[in-house]
Amino acid sequence: MGVPRVYCDCEVCQEARESGENRRYRSSLRIEDKAFGHTWIDCGPDWGKQVEAAGQRFPDRILITHAHFDHIGGLVEWADACRWLGRKGEAHAPSEVIEEILNRFPWLGGQITFHPLDEGLTIGDWTVHAWKVCHGKNGYSYAFRFDHRVTGKAWAYCSDAIALTEEQLKPLYGLDLLILGTSFYEEPYEFSTRSLYDVKEALELIKDLRPIRTCFTHMSHDIDLRRNYGLPEQVWFARTGMQIEV
């Protein structure tokens, strides 16, 4: 839903309206690299505002983790930009994600070319590997791992996941940076009704994964960035517009 939630008068949502420290758009990430060009991960309904804030007009490509509205709602706006500019958008996603998107918005294929990401992707010196992860009650999502063929640097984006199996965890080892979705600090609801790790669970998870740095994203209005949660060194919460160098 982002923060503030339109219906909510909680302290975090009120602060987000007034001073904006807790204002959070739907989760997305922009990759800035000479070889990658302007590449985005996910295209939610806030994507237009995010592109404006980044000082951009048109991405070279967008990678899509799954077909939930908070991750694809901005594709309509991107398709409109493609139409007006006379350019074809380039999107990459696993085949089943592409099928879901085009079942809902069949006309998007007229403006955006969707490329299956099932066998991975190479852009410049980076290789991209996508794999399916458990999204709890919300079904499935995909995570992306990026490996640099020259420097050996590796990072991963896993925004929507919970209860990952050992097989699903394997690509999350050996990372310089892990970006992981955590909705609550401690989620109070029945486990079977949940769809993301909470912060306390994620902190236990990274003790085993041992990434050099970790950033928590996809946060709900439960997380108040004005508070000190005592996070370990090299672990932090994402903030709107923040930049991380790999």
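**Exercise 1. Find which residues Ile 64 contacts, leaving aside its neighbours within four places in sequence.**

Solution. Contact means heavy atoms within 4.5 Å. Step one: list the partners of Ile 64. They are Asp 42, Ile 72, Leu 75, Ala 91, His 92, Ala 93, Pro 94, Val 97, Ile 101, Phe 114 and Phe 144. A nonpolar core is a set of buried Ala, Val, Leu, Ile, Met, Phe, Trp, Tyr and Cys residues joined through side-chain atoms within 4.5 Å. Buried means under 20% relative accessible area, exposed over 50%, partly exposed in between (1.4 Å probe, protein chains only). The largest such core has 42 residues, and Ile 64, Phe 146 and Trp 155 touch the most other members. Step three: look for another core. A second, separate one of 28 residues includes Val 133, Cys 158, Leu 175 and Leu 180.

The model is predicted: local features need pLDDT of at least 70, side-chain atom pairs count only at pLDDT 80 or more, and totals for chains, interfaces and linings use all residues. Residues are numbered from 1 along each chain as its sequence is written, and side-chain values use heavy atoms, with hydrogens and water left out.

**Exercise 2. Locate His 135 and decide: buried or exposed?**

Solution. Helices (H or I, at least four residues) and strands (E, at least two) are DSSP runs, numbered from the N terminus. Step one: His 135 sits in the loop between β7 (126-134) and β8 (140-148). Step two: its relative accessible area is 1%, so His 135 is buried. Step three: check its side chain. A polar atom there lies 3.0 Å from the backbone oxygen of Ser 195. Step four: collect contacts beyond four places in sequence. Among them are His 66, His 68, Tyr 140, Asp 160 and Arg 194.

**Exercise 3. Work out how β2 pairs with β1 and with β3.**

Solution. Two strands pair if DSSP finds at least two bridges between them. Step one: β1 (residues 29-33) and β2 run antiparallel, joined by five bridges. Arg 30 stands opposite Trp 40. Three residues separate the two strands, which form a hairpin. Step two: β2 and β3 (residues 61-63) run parallel, with three bridges. Here Thr 39 has Arg 61 as its bridge partner. β2, α2 (residues 47-53) and β3 make a right-handed β-α-β unit. Right-handed means that, with the strands pointing away from the viewer, the path from the first strand over the helix to the second runs clockwise. Step four: check cover. Four of the five residues of β2 (residues 37-41) are buried.

**Exercise 4. Which residues of α5 are buried, and what covers them?**

Solution. Step one: in α5 (residues 95-104), Val 97, Ile 98 and Ile 101 are buried. Step two: they fall within an arc of 100 degrees seen down the axis, so they line one face of the helix. The arc is that of the directions from the helix axis to the C-beta atoms. Step three: turn to the other side, where Glu 99 and Asn 103 are exposed. Step four: name the cover. It includes α3 (69-72), α4 (75-85), β4 (89-93), β5 (112-116) and β8.

Terms used
A polar contact is a pair of N or O atoms within 3.5 Å; within protein, one must be able to donate a hydrogen and the other to accept it, and residues adjacent in sequence count only if both atoms are side-chain atoms.
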